[in-house]
Amino acid sequence: MRSIVQNKVEECLEILKWDKTKWIDFWRELRRKFGPIVPNYERKLELNDEKIEKILWEIERRELDRFKWDWLDVSRNKKIECAESLSEREDFLDLKREDFSVFLMSLLGLSDWVVVDGEKEKIVVMDVFSLWRKGLLRELSLATLHAVIEFRKGKEIGNYGGKKEYFDSLLKEIEKILKRGKEALGDLCEFLRNHVSYYDWVGFYFVEDGKLKLGPFVGEPTEHVEIPFGVGICGQAAEREETFVVQDVSKETNYLSCSPKTKAEIVVPIFKDGKIIGELDIDSYSPSPFSEEDRAFLEKVCELVSKVV
């Protein structure tokens with residue numbers, strides 16, 4: 001498959017080699033280098049040279065320096081994460097159309113993402129500097145997936161508000177999905193995997209005869225169709241009746257491996273009438289991806305599921 005994500009951040013950060021009084025001249029060079037992308041970005045945001053020069057002057061060199069070093073620490077991994085988050089959702093995002101690419105850039109910090117016309121296709125421009133300013137660099141792959149999903153819905157400009165805001169929007173859609181009852185659990189698994197970049201295996205286990213038995217799931221097949229309480233992450237979560245988060249499965253001794261790709265796992269119990277009746281299990285191929293926002297979101301998802309099973 002073609003390289004759908006291109007990292008252009010370092011090329012944009014060449015501006016730091018220029019005297020600040022000449023930053024507008026560098027921007028003009030950028031405009032020529034990335035034509036028609038930068039000119040169309042300007043048009044989309046209704047920018048002219050006067051506005052651009054004013055914005056550039058307000059950006060402090062030391063701020064851009066801090067961004068540069070933060071980016072260089074993670075750039076390779078973040079580019080790979082973004083590419084994989086899209087390629088793993090090929091059908092959902094209809095990637096076979098090959099009608100867009102994603103450019104990671106450092107621009108003016110005005111909007112997290114803008115869709116512009118390139119030479120042959122649409123370009124989803126991710127302003128990584130904008131995300132960094134909001135403390136959201138770590139969530140770049142999720143922000144990129146969100147931008148592409150919105151692009152597929154016909155939107156061409158937007159901002160990513162962080163996990164909590166994003167998860168709150170997903171909960172509204174999940175409530176609609178679950179109106180169809182227990183039969184919708186497979187669709188819920190698909191929805192979660194498609195909309196969260198680091199949810200790579202999503203499935204349910206339900207308690208039967210004192211064991212956990214595999215229910216609907218999305219992802220690679222698993223041999224763990226039945227798990228005793230206390231065994232593996234799922235079994236431990238069931239035994240303790242609490243959410244179990246493992247950010248690095250290689251350090252967990254009581255662990256049932258489903259895939260060598262899995263780096264982290266979160267398991268959230270489902271309760272009904274005060275008793276555990278099942279679990280939502282999510283594996284991630286990304287290291288240490290889960291936050292308190294994930295925990296709160298998935299616990300709310302399980303509360304909604306408990307009402308229909």
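Visitor: Which residue of β10 stands opposite V245?
Guide: It is I266 that faces V245 from β10. Please keep in mind that this is a predicted model: local features need pLDDT of at least 70, side-chain atom pairs count only at pLDDT 80 or more, and totals for chains, interfaces and linings use all residues. Residues are numbered from 1 along each chain as its sequence is written, and side-chain values use heavy atoms, with hydrogens and water left out.

Visitor: How many bridges join β10 to strand β11?
Guide: Nine bridges link β10 to strand β11 (residues 275-284), and the two run antiparallel. One of the facing pairs is E265 with D283 in β11. The two strands form a hairpin with two residues between them, and D273 in that turn has a positive phi of about 55°.

Visitor: Why is strand β10 called mostly covered?
Guide: A residue is buried under 20% relative accessible area, exposed over 50%, and partly exposed in between, using a 1.4 Å probe on protein chains only. In strand β10 (residues 264-272), seven of the nine residues count as buried. Across the protein chain, 52% of the 309 residues are buried.

Visitor: Why does T222 count as buried?
Guide: T222 has a relative accessibility of 12%, and therefore counts as buried. The residue belongs to the loop between β7 (211-218) and β8 (226-228).

Visitor: What does the side chain of T222 reach?
Guide: It reaches the backbone nitrogen of H224 at 3.0 Å. A polar contact is a pair of N or O atoms within 3.5 Å; within protein, one must be able to donate a hydrogen and the other to accept it, and residues adjacent in sequence count only if both atoms are side-chain atoms. T222 also has contacts (heavy atoms within 4.5 Å) with W201, Y205, L214 and C258, leaving aside neighbours within four places in sequence.

Visitor: Which residues line the second largest cavity?
Guide: Y205, H224 and C258 are among them, and so are E265 and D283. On a 1 Å grid over the protein atoms alone, a cavity is a set of points where a 1.4 Å probe fits but cannot get out, whereas a pocket is an open set with protein on both sides within 12 Å along at least five of seven lines; lining residues have an atom within 4 Å of a point. The volume of this second largest cavity is about 70 Å³, where volume means the space filled by probe spheres set on the points, with grid points joined across faces, edges and corners. The largest share of its lining, three residues, comes from α11.

Visitor: How many nonpolar residues does the lining of the largest cavity have?
Guide: There are 12 nonpolar residues, one polar and no charged. Here Ala, Val, Leu, Ile, Met, Phe, Trp, Tyr, Cys and Pro count as nonpolar, Asp, Glu, Lys and Arg as charged, and the others, Gly among them, as polar. The largest cavity holds about 110 Å³ of space. It is lined by 13 residues, with C12, I15, L56, S106 and L107 closest to its centre. Helix α2 (residues 23-33) gives the most to that lining, with four residues.

Visitor: What is the volume of the largest pocket?
Guide: The largest pocket has about 500 Å³ of space. Its lining has 23 residues, and E81, E84, Y285, S286 and P287 lie closest to the centre. By class, 11 of the lining residues are charged, six are polar and six nonpolar. With six residues, α5 gives the most to this lining.

Visitor: Which are the edge strands of the open sheet of five strands?
Guide: The order is β1-β2-β4-β3-β5, with mixed pairing. The edges are β1 (5-7) and β5 (157-158), since each pairs on one side only. N7 has L104 as its bridge partner in β2.

Technical notes
Pairing = 2+ DSSP bridges.
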